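Reader: I am new to reading structures. Please show me how to go through one.
Author: Let us start with the picture.

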Amino acid sequence: MYAIETSKLTKKYGSNTVVNGINLQVPQGEIYGFLGRNGAGKSTFINILTGVSFPSAGEFTLLGQSDIDLDLQKKIGVLPDYANFYDEMTALNHLRYFLKINGQRFSKEHCSNVLKKVGLEGHDHQKIGKFSFGMKKKLGIAQAIVTDPDLIFLDEPTSGVDIESALHIHELIRELQNQGKTIFMTSHNLNEVEKICTRVAIMKNGVILIEGTMEELRFQYQAKKTVMIKHDPYPNSHKEYIQQFFRTLSPEVEYHHMYTKVMLQKERNIPLIIRELIQCGIDIYQVHVEEPSLEEIFLQKNIVDHSQVS
């Protein structure tokens, strides 16, 4: 079963199509990174899934259900791109209030543990009006997970928090995944997404341009891999043989005194090279495979904008 599944999901405002026929399947247990520039349609897409707005066309299911009833809502947690709190409430009372309006029992011990998980230990009885922006972000995450949901939407979970808090939130997200929960998150921090997300989608002009694991995205972006091998100098007795061997694998090879640079289409040729050099009595000190970062993939100029394709 998919945690999220959409079919031709569309949202229009007059003649403006913000979400354009999206088909998406998010398996359960993923940390799913949903990326796009401002105005790409990310927030509108999430607002449809979380019941803030209705689609103009298409269908979707959450946790296998198409009807967003009260029981399903209790299984979903949301950190929106904005969060409003009552300044006069304490953090603990806010979670109490949130649980009450969701028809769930309040447990002081449970809520204190949740506040501790998000990095607000010791702030249970502090009024929210005295919270910093980062503390309010943490409280928003606490609100999203206090009901122990199976599917969690996190919009920019680490924006406005310090580095230590961001790392703490990363660990929390991994912990939630280890519990079998699905996390669907947006972030402008591409390094963060590359580091913790198991699958990634990039949205532009209302459509998804590319989707998959980081390995799949890298393969779509760059078919060839640049491999740098640091080694002992090739002995004269083996030079011709080694160069002939490399020519069978790639026409793009650079030989230097203590390293060789080769462009490979097939990753499985890397262990082949290592074995061959070792058999020639050549010590290998380092093998480095240059791979594109998520930032490079995101910013690539040649990515196809399908919304402009007829």
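Reader: What is the bridge partner of Thr-226 in E13?
Author: In E13, Thr-226 has Glu-290 as its bridge partner. Two strands pair if DSSP finds at least two bridges between them. Strands (E, at least two residues) and helices (H or I, at least four) are DSSP runs, numbered from the N terminus. Strand E10 (residues 225-231) pairs with E13 over six bridges, in the antiparallel sense.

Reader: What should I know about the model and the numbering?
Author: The model is predicted: local features need pLDDT of at least 70, side-chain atom pairs count only at pLDDT 80 or more, and totals for chains, interfaces and linings use all residues. Residues are numbered from 1 along each chain as its sequence is written, and side-chain values use heavy atoms, leaving out hydrogens and water.

Reader: In which order do the four strands of the open sheet lie?
Author: The order is E11-E12-E10-E13, with antiparallel pairing. The edge strands are E11 (253-255) and E13 (284-290), each pairing on one side only.

Reader: How do I read an aromatic pair?
Author: Use the distance of the centres and the angle of the planes. Rings of Phe, Tyr and Trp (its six-membered ring) pair if their centres lie within 6.5 Å; planes under 30 degrees apart are stacked, over 60 edge-to-face, the rest tilted. The structure holds eight aromatic pairs. The centres of Phe-34 and Phe-184 are 5.1 Å apart and their planes are at 40 degrees, so this pair is tilted.

Reader: Are Phe-34 and Phe-184 buried or exposed?
Author: Both are buried (under 20% relative accessible area; exposed is over 50%, partly exposed in between; 1.4 Å probe, protein chains only).
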